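Hello,

Here is the structure I promised to pass on to you. Please have a look at it first, and then read my notes below.

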Amino acid sequence: MKKFFLPVDVRFGEGAVNLLEKIVGPDDRVFVVSDPGLVAAGISGKVTAILDRTGCAFTVYSDVTPNPTSDLVASSMEVLRGYQPTKVIAVGGGSPTDLGKILSALATNSRPLADYQWNGFDFEAPSLPFIAIPTTAGTGSEVTRCAVIGDKEVKKGINSDKLFAAYAIIDPELMTGLPPYLTATTGMDALTHAIEAFTGLGSSPVTDAWAKEAISLIGKSLWTACADGSNVKARTDMALASMLAGVAMDQAGLGMVHAMSGPLCTHYHLAHGEANALLLEYVMRFNLMSCAKKYRTVAELLGCDTTGLSDFEGGALAVEAVSRLFAETGCPVDLKKYGVTADAADTIAEGTYKMYMIANNPRKPSTAQCRQVFLEMLAHNQ
Ligand SMILES: [Fe+2]
């Protein structure tokens, strides 16, 4: 029996952000979590302009860095405790959203963060009301019960029903200014969520439906969103795909791409989407023999003709389609600039095994196979 639980009130579409006026009132004190780039680009300002109209008090915490750590949680928590908010809003991609979730939960629960990071404790009290306003189409964190926080060189995903947002306000207009490279790499992250959810051991007919629609939308619109960021139709497709893939991964689990990208981001400071974009093709090639039929479906959803082919041949087309999407949307990066060399192979392979999502992967890799997949990826990206 599978569980499907999604308690988030989702508001989606152009102008959706204006619904904040109905959710926040003059008696509220709102703690807005964002990052310096979004403040400079005026995106957080669009949200605070709406908060101004509600008459609430608010403060903006914008010291968020990519791949948030337990140190960042500690310093931002001190600021939050000083402000005593009634609601928390995250404006941004996965990092502000994950941090906002954790702050909302810690504000009403007494244990230290470390107790909730793989140490057997769950949050007991409901979180402060948390509102997620994504500005990228990738993480899907606005609809998941997971927040990823780095701790002692391991990225630890904390899962709790208490971490679901009260509201996810998904407004594609907030995404039109996202630069092409970030559009591409966050979009490939969403594609990874959908493919890993669809082919993972935890998949179900319900999550398959969400994942398949996400794959199809990304195949249709990622390229356009990268080529013309102001195309609201493409942005809308990507925002919807990201949300659908987020739900699918949250309910079905992830796999080897995310297990490998964890140590790659922690040790070499790649962005999450960037690391997943790099790894997806090579992990798919490794997994092909274990889920050829589902990869064949992925190929068809990405527009490939599999008529007359075996499942394995059809599935191989999915790997090629993902490879083309990676190249055409401008994801390739020279890993030398991050200091990633073949010497990293053992660190990545060992780190992969500390990530719990490896257990959900359709094919169980050995450490040697993890090394090999990493080295194949590296050979094509330096
Ligand atoms: Fe991801």
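**What I found**

Isoleucine 102 is buried, with a relative accessible area of 0% (buried means under 20% relative accessible area, exposed over 50% and partly exposed in between, using a 1.4 Å probe and protein chains only). Before I go on, please note that this is a predicted model, in which local features need pLDDT of at least 70 and side-chain atom pairs count only at pLDDT 80 or more, while totals for chains, interfaces and linings use all residues. Residues are numbered from 1 along each chain as its sequence is written, and side-chain values use heavy atoms, with hydrogens and water left out.

Back to isoleucine 102, which sits in helix H5 (residues 94-106). Helices here are DSSP runs of H or I with at least four residues, strands are runs of E with at least two, and both are numbered from the N terminus. Setting aside residues up to four places away in sequence, isoleucine 102 touches Val73, Leu113, Phe123, Ala147, Ile149, Ile158 and Leu163; contact means heavy atoms within 4.5 Å. From isoleucine 102 to proline 365 there are 263 residues in sequence and 32 Å in space, C-alpha to C-alpha.

**A buried lysine**

Lysine 156 belongs to strand E7 (residues 154-159). With a relative accessible area of 14%, lysine 156 is buried. Beyond its neighbours within four places in sequence, lysine 156 has contacts with Gln117, Trp118, Ala147, Val148, Ile149 and Asp151.

**The whole protein**

The protein has 15 helices and eight strands. Along the principal axes, the C-alpha trace spans about 65 × 45 × 40 Å. Of the 382 residues, 58% are buried. Among contacts with a separation of 6 or more, 78% are between residues 24 or more positions apart.

The accessible surface is about 14800 Å², and 54% of that belongs to carbon and sulfur atoms (areas come from the Shrake-Rupley method with a 1.4 Å probe, and for residues only the protein chains shown count as cover).

**Cysteines**

How many disulfides are there? The count comes to zero, where a disulfide is a pair of cysteine sulfur atoms within 2.5 Å. Cysteine 331 is in no disulfide, and the nearest cysteine sulfur, that of cysteine 226, is 6.9 Å away. Cysteine 331 is buried, at 2% relative accessible area. For cysteine 370, the closest cysteine sulfur is in cysteine 291, and at 15 Å it is too far for a bond. Cysteine 370 is buried as well, with a relative accessible area of 0%.

**Two positive phi angles**

Most residues other than glycine have a negative phi. Asparagine 67, however, has a positive phi near 50°, and asparagine 67 lies in the loop between strand E3 (57-61) and helix H4 (70-83). Glutamine 84 is not a glycine either, and its phi is positive at about 55°. The loop that holds glutamine 84 runs between H4 and strand E4 (87-92). Is glutamine 84 buried or exposed? At 58% relative accessibility, it counts as exposed.

Best wishes
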